Amino acid sequence: MNAPLFPMGLRQAWFALPRFLACALAVAALVQAPAVTAAASSKSGKSEAKDILRTGDARCTRCHNDVSDDEIEAYPVLPIGRTKHGTVADSRTPTCVACHGESETHLKQVGTERPLPERPYGKKAVADPKAHNKTCLGCHEGDKLMHWASGTHSRRDMVCSNCHQIHAASDRATTRATVVAMCISCHAEKRAQINRPYRHPIVEGTMVCIDCHNPHGSAGPKMMVKDSVNDTCYTCHMDYRGPFLWSHPAVRQDCSLCHNPHGSTVAGLLKLRPPFLCQQCHEPANHRGNFPGLNNAKTNAPGSSALTQARGCLNCHTNIHGGSHPANAPNSTRFRR
Amino acid sequence: MSRAYTRPLLQFTAVLVSGLASGSLLAQDYEKIANELRMDLATPDTRIDVGVGMVSGDARRFGAYSGLNSESAYGLLNLNLVRRDDATGTWFRLKGNNLGLDNRQLRLEHQQQGDWAYYLDTGHYRFRDPRVFNTGLAGVGTASLTVSAAAPKRTIDLGVAHDSFAAGFRKFVIGGLELRASFKQDERSGDRAYGQGTPGTINFLTEAIDRVTRQWELTASYADKTLQLTGGYSGSSFQNKLPRIDIAGGIATFSPTAAPPSNQAHKFHLSGGYNFGETGRSTFKLSRSIAKQDSVFVTPPTLAGNRETSPGGREVTTLAYADLTLRPADRLDLSAQLRFEDRDDQSRVAQYLTPAVPTATTSLATAGITGFNIPRSLKQLKGMLEAGYQLDDGYRLVAGLEHEQIRRNVPFQYRRIAYRERTDETQARVEIKRMLSETLNGGLAFIHGYRGGSEYVPDTYSQATNQLNSLIWADRQRDKLRLSADWIPDEDWSLQFRGDLGSDRYSGRNLGPRKGDTLLFSADAAYQISSKWQTHAWLSQERILVEQATRSDINPATVGDNVLWQASVRNTTTALGFGLKGRPKANLELGADLSIAADAARHGLQRTGGSGTDALTPTSLPDYVYRHLTLKLHADHALDRHSGIRGEIIIDRMRTNDWTWQGWTYSDGTTVTLPERQNAAFLGITYYHRMR
């Protein structure tokens, strides 16, 4: 744990290597090129700028060219060329002005402050999010974005660029390695939940938010990717779909009545430890209202650890999601075999 | 923006700048190299990461899903091969993640953008149960188990491996029409913890897993500026190759036990959207699905004369959804939704079990009272109206109304809880937002809801019951207050605050949940220290209180022998984090992320009445504590324009007093140990190479 990041010798070599390369390049340039003093003039020669990505983009890329200007490097523009938006052979892909507008005032700066482009997509709030999103929706309105307009994110005035980074080579909202961090930056309570001891493999990236939720809205509740919470869970947990001879009504209604899929401190991602969870619905006849304890008995009497420890109520009611086993005692109707 | 793509170039840029400053480069040389850099930035490239990782310490939890769960060295290999033919817009991608680990994935994509595409995807991950099982159970790994308290004990590890395969194809045909086909299969194998129990005997078992799920879909989509349509068919199946568990030596009447039976579902769907000019849109979805469960019973029905060989399970689900969003005036937005879902359980109803007269003293020991299976149907109707109006001075007012009605079928004879056939919940929401400036936003929302329903249909088991508000359908008043603020004072600072206060109050019946309170606040801050360093920090706390009451009743025949008791379960989760990321040199990136979370649960139990003896007074359970700390450090050193070395250290510490298994011994002598502490560390070093 406390080991150095690199063994010292290797570390020094690694750090020295780029310096060596940089020096070598500089020396090579010095040897090969006669000294000139007008080099900077090439930087100011923006009027000679040529298109970089597609026809007509010099209008923007003469300044937004990512190479030497620190300010511009903070909002890299050119990596859009690596994305689907930068695939020029696809006639549907947009030009700069198609998304940002003609932005004449931005181009023809008057005064000391340069006005923003006609349609900027920065961190700052926009006055009319719905109008702002029209630019993207002009192309992306069907399929998985079909229900965007009525989805929760749209109704809460979110704009596409709150999540998406259109110019990035790898959009954090569509990249499995980064999408979870993005979602939990707003859904703060999930940050701790996904690290709880009983959880889905979210931290590892095996399962991510957009596997279950469609942030662009859906016909299901909670923006689930399928038409209901249960249908979404069944895509992996098809074991519990049934329909069984004897089904647990809560299971049929909504898996999230009992489970917190984002993580739990109780085994099985349960919302509460049994028997408290089960006693939220079950009448107190017989053992069902008995209080938990740690008396180490294997009975269902008051204070019994069998109600509380190991799998709690599920120690006996093992097939709690339902069963289709037409066998008598101990009966199947109570999910015991 | 992922700076990883630009970082290697920056080192080169530094050389250029220094060259220019010293006058050592010609202008045309500068432009030539700069243009090359621009092409690097704008052209898809391939990246390969190869390295080695080492884990030290107890990492059973840390590596439960990744395979990094024991002290060992691991190969690290990531691959992202990307090629694009710019002339045709044809992409080829081969992406492999964690190829040296348990949670590996490999995906191949080939497409001509805007014309056709196909992909193949294969993945594997294995969940390794961090618990240690010491048992004498024989037959682990099979569906034929032998329980024996006398058998010598040994330690076994449990886990389930997932092997997935997926493939898909899409093709744009004329006029905005697109066709798609996809298939996905997930094979699971392994063992997981299971059990069997009856009062007095609780045995440990394992459930052997050998299951396959498959999903397939065929869709056609059409899209133009005004109309979008998607329709098609999707199907899925679940196959359990081990539906029967035979258990020798355990509770005799529990063998065989049934594992989840195979099932399948088929669905047809159509959804669409239509734009009414610039200011209105309406969408809809219609679907109908049939789920079937008709696999052969593991044993014939108990009731003599019933010759059914399978359950004949059949559920037909119909969904109808429509919404409308409008902007009838410049300042007014309207939104309406209507959703109807009918899950109609049409399973064959038959008498499978020996009927028994439901008396207070005999019914528990017998089968199922009527012996008939019980289909469960559900209808949900939900409607929503919302309006947003832009007031003067940057204020925006949003008001909404929601109503949800749920109707369930109520079993005619055999009921173990009091039912409600119908529940209605209405919720009103008012929110005021203010855009205080271009950089400051704030909102305050209040939500009030009430749920009621039809008369309770009593439990048929015992007259002593019928007193409980089931959480699912209890009368409930819900109030929420939500405060949010986003402030971006300048380009360097970004601050966010969220606060939620929620209250549920249950009424109508004496027992069951009585109240639930939630409090959540979170604060986030991000700061750009300099052009080279940025930092962020966050703090959040969530408190949940659940208060519920019930009654212990050892003998239902003697209603008076009971103890009324109440539980106040309080869960508190506190989390904080800090991150720092910087680029002290053009070719070096450093980063650190620290997150700390603490969960605590208290189970306040108290007797509130009843006639039971003092011996039946509950005592509170121990508090539960779980603390988790993760520190991640990384350094990324670019060696040249195309390659670099990345080092990563993860320190993962966990501590808990989880008493779920402490002191617990199964009747067969099995014990289970949950690691109460974990100090795991991971050190990884990878070399990466990029190429166009």
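A residue is taken as buried if 20 or more other C-beta atoms lie within 10 Å of its own. In this predicted model, 47% of the 337 residues of chain A count as buried. The secondary structure of chain A consists of 14 helices and two strands. Among contacts in chain A with a separation of 6 or more, 41% are between residues 24 or more positions apart.

Chain A touches chain B through a contact that takes 135 residues from chain A and 178 residues from chain B. On the side of chain A that touches chain B, at least two residues each are supplied by helix H1 (8-32), helix H2 (39-44), helix H11 (189-193), strand S1 (246-247) and helix H14 (249-253) of chain A. H1(A) gives the most to this side, with 10 residues. Sorted by class, the side of chain A that touches chain B has 66 nonpolar residues, 45 polar residues and 24 charged residues.

In chain B, one residue was examined individually. B:Met384 lies in strand S19 of chain B, which spans residues 378-390. B:Met384 has 19 C-beta neighbours inside 10 Å and therefore counts as partly exposed, since a buried residue needs 20 or more. Apart from neighbours within four places in sequence, B:Met384 is in contact with B:Ala336, B:Gln337, B:Gly400 and B:Glu402. For one of these residues, B:Gln337, the C-alpha to C-alpha distance to B:Met384 is 5.0 Å, and the two residues are 47 residues apart in sequence.

Conventions
Residues are numbered from 1 along each chain as its sequence is written. Chains are lettered from A and ligands numbered from 1 in the order in which they are written. This is a predicted model: local features need pLDDT of at least 70, side-chain atom pairs count only at pLDDT 80 or more; totals for chains, interfaces and linings use all residues. Two residues are in contact if their C-beta atoms, placed from the backbone, lie within 7 Å. Helices (H or I, at least four residues) and strands (E, at least two) are DSSP runs, numbered from the N terminus. Ala, Val, Leu, Ile, Met, Phe, Trp, Tyr, Cys and Pro count as nonpolar, Asp, Glu, Lys and Arg as charged, and the others, Gly among them, as polar. A residue is buried if 20 or more other C-beta atoms lie within 10 Å of its own, exposed if 12 or fewer, and partly exposed in between; C-beta atoms are placed from the backbone.
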